[in-house]
Amino acid sequence: MTAFPKDKAARNPHLLAMAQGMPCLLQAPPCNGNSDTVVSAHSNQAKHGKAKGRKAHDQYSVWACARCHTWLDQSYTASKAEKIAAFDAGHARQVVAWETIAADKRESPADRRAAQWGIDELL
C-alpha cells in the first residue's frame, strides 16, 4: 500500500482572529446574534481540508456565534445536509465580508491582507 502525503493545512491566524466582535454570518437556526461570542467556525467537509484530527483550511471558515458554532459541530438533531447548506450559505456571506474588508482603505493593513489571503486561497 502506497501512502500519499497529506496536503499542508492552509493557516492564517490573523484571518481567524478577525472574527472577534463581528456579526454571526453562519446564522443557523439557533442563532442569537451575540457578537460577543463570535469566532471563526471551520467547515466540517472533507473537500475543504477537514480530516481526522485536523480542521479544514482557514479560508473555509465563517464567523459564527457560540450557538451556531455548537450547532454546526455538535448538533445531533440537524442533518448533515442541513449543516452543509447552512455552512455554504454562511461562507458565501463570509466571502462578501472579506471582499468588503479587503477593498476598504479604512481597514487596517493587516486585516486587509488577511481578508485578501482568504479570498485568494479560494481560487
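User: In what kind of crossing does α2 pass α3, left-handed or right-handed?
Analyst: This is a predicted model. In it, α2 passes α3 in a left-handed crossing.

User: Which residues meet there, α2 against α3?
Analyst: From α2, Trp71, Leu72, Asp73 and Gln74; they meet Glu82, Lys83, Ala86 and Phe87 of α3. By class, this contact has four nonpolar, one polar and three charged residues.

User: And at what angle do α2 and α3 pack?
Analyst: About 140°, with the axes of α2 (residues 66-74) and α3 (residues 80-103) 10 Å apart. That angle makes α2 oblique to α3, because only angles over 145 degrees count as roughly antiparallel.

User: Now α3 and α4. What are the angle and the axis distance?
Analyst: The angle is about 135° and the axes are 8 Å apart. α3 and α4 are therefore oblique to each other. The crossing of α3 past α4 is left-handed.

User: Who is in that contact, α3 with α4?
Analyst: α3 brings His91, Val95, Trp98, Glu99, Ile101, Ala102 and Ala103, and these meet Asp111, Arg112, Ala115, Gln116, Gly118, Ile119 and Leu122 in α4. The contact of α3 with α4 divides into eight nonpolar, three polar and three charged residues.

User: Trp98 is in there. What else does Trp98 touch, beyond four places in sequence?
Analyst: Within α4, the contacts of Trp98 include Ala115, Gly118, Ile119 and Leu122. Leu15, Asp58, Gln59, Ser61, Trp63 and His91 are also in contact with Trp98.

User: On to the largest nonpolar core. Which members touch the most others?
Analyst: Leu26, Trp63, Cys68 and Trp98, out of 29 residues in that core. The elements giving two or more residues to the core are β2 (61-64), α2, α3 and α4 (109-122).

User: Which of them gives the largest share?
Analyst: α3, with seven residues.

User: Is Gln45 buried or exposed?
Analyst: Gln45 is buried, because its relative accessible area is 9% and buried means under 20%.

User: What does Gln45 touch, leaving out residues up to four places away?
Analyst: Lys50, Ile84, Phe87 and Asp88. Of these, Phe87 is also one of the α3 residues that meet α2.

Note on methods: Residues numbered from 1 in each chain as written. Predicted model: local features only at pLDDT ≥ 70, side-chain atom pairs only at ≥ 80, totals over all residues. Heavy atoms only, no water. Axes fitted to C-alpha atoms, helices over the stretch in contact; angles between N-to-C directions. Helix = DSSP H or I, 4+ residues; strand = E, 2+ residues; numbered from the N terminus. Parallel < 35°, antiparallel > 145°, perpendicular 65-115°, else oblique. Left-handed = near helix turned anticlockwise from the far one by under 90°. Contact = heavy atoms within 4.5 Å. Nonpolar A, V, L, I, M, F, W, Y, C, P; charged D, E, K, R; others polar. Core = buried A, V, L, I, M, F, W, Y, C linked by side-chain atoms within 4.5 Å. Buried < 20%, exposed > 50% of the residue type's maximum accessible area, 1.4 Å probe, protein only.
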